[in-house]
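Subject: Structure handover

Dear colleague,

Please find below the structure that I promised to pass on. My notes on what was found in it follow directly after.

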Amino acid sequence: LTTVLAPVARTQTDIDVLHYRAAIAFDLANARLNGVATLRVTDAKQDFDLHLRDLTATSVAVGTQPLTYTQSDGLLHLRLNGAPAASDTITVVIAYGGHATSEAGPSSWGGCFWGNPTFAMGVGFYAPYVSMTRHWLPSNDIPSDKATFDLTFTVPDPYVAAGSGLLQEVRHDTGWTSYRWVEAHPSATYCIMYAIDRYARITAD
């Protein structure tokens, strides 16, 4: 029999992420990614957390002002330089990277997988949390917090990056190609995924 775990605790919901913008480059040969994520956040307290599992944040700022932060137990702990008003919207910029992982378990289902294809699965069965976007994107990774997404995936040629939403832009740069995917409908983080392989691109008139 397969054991499926239920979430062991309710995650804090003190913030509301309105929009995610991220640029993520994939080093497929070494199974690593590096990204910069920009989150538009409201309802934040002076101290709040974002989810980020098995990846390392290298800098965090609000606008251009660096923030104090720590990481532990799959959370990125942030401390703002002052307490925002309840109606304030702040922009948090996070640089991060590392080897994106899947959930633990005898037959991992959710999280990030490297190979052909390289992809992210948004929902897990074995981890004590439901949503797996924290394995590749700093996020408020709970199903009730819905946001819009503008994500650019940069991959080595001849690979193609498929994503959630609509493909808005493709840029080429000396052996690399960037694919910009936009989801304009507010969506839960677990609905947002990517897949990278030697896909054929088909366009319709």
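Two strands are said to pair here if DSSP finds at least two bridges between them, and strands themselves are DSSP runs of E with at least two residues, whereas helices are runs of H or I with at least four, both numbered from the N terminus. On that basis, the bridge partner of Leu 50 in β7 is Leu 76, and β3 and β7 (residues 75–79) pair in the antiparallel sense over five bridges.

Before going further, please note that this is a predicted model, in which local features need pLDDT of at least 70 and side-chain atom pairs count only at pLDDT 80 or more, while totals for chains, interfaces and linings use all residues. Residues are numbered from 1 along each chain as its sequence is written, and side-chain values use heavy atoms, with hydrogens and water left out.

**Overall form.** The secondary structure of the protein chain comes to zero helices and 15 strands. With the radius of gyration taken over C-alpha atoms and the globule rule being 2.2 Å times the number of residues to the power 0.38, the chain has a radius of 17 Å, close to the 17 Å that the rule gives for 205 residues, so it is as compact as a globular protein of that length. If contact means heavy atoms within 4.5 Å, residues 24 or more positions apart account for 65% of the contacts in the chain with a separation of 6 or more.

**Sheets.** Eight strands form an open sheet with mixed pairing, in the order β5-β4-β8-β2-β1-β11-β14-β13. Because β5 (65–66) and β13 (166–173) stand at the edges with a single partner strand each, one side of each is left without a neighbour in the sheet. Within this sheet, β1 (residues 16–27) and β2 (residues 32–42) run antiparallel and are joined by 11 bridges, with Thr 42 in β2 as the bridge partner of Asp 16. A further open sheet has three strands in the order β3-β7-β6, with antiparallel pairing, and its edge strands, β3 (47–51) and β6 (68–72), each pair on one side only.

**Interior.** Counting as buried anything under 20% relative accessible area, as exposed anything over 50%, and as partly exposed what lies in between (1.4 Å probe, protein chains only), 45% of the 205 residues are buried. Ser 139, in the loop between β10 (118–121) and β11 (146–156), counts as buried because its relative accessibility is 0%. Leaving aside neighbours within four places in sequence, Ser 139 is in contact with residues including Tyr 20, Leu 50, His 51 and Thr 189. Phe 48, again not counting residues up to four places away in sequence, touches Leu 76, Leu 78 and Ile 90, among others.

**Backbone points to check.** Most residues other than glycine have a negative phi, and most peptide bonds are trans. A cis peptide bond joins Asn 116 and Pro 117, with omega about 5°, and another joins Asp 157 and Pro 158, with omega about 10°. Asp 54, in the loop between β3 and β4 (56–62), has a positive phi near 65° and counts as partly exposed at 47% relative accessibility. Thr 174, in the loop between β13 and β14 (176–188), likewise has a positive phi, of about 45°, and is exposed, with a relative accessible area of 76%.

Kind regards
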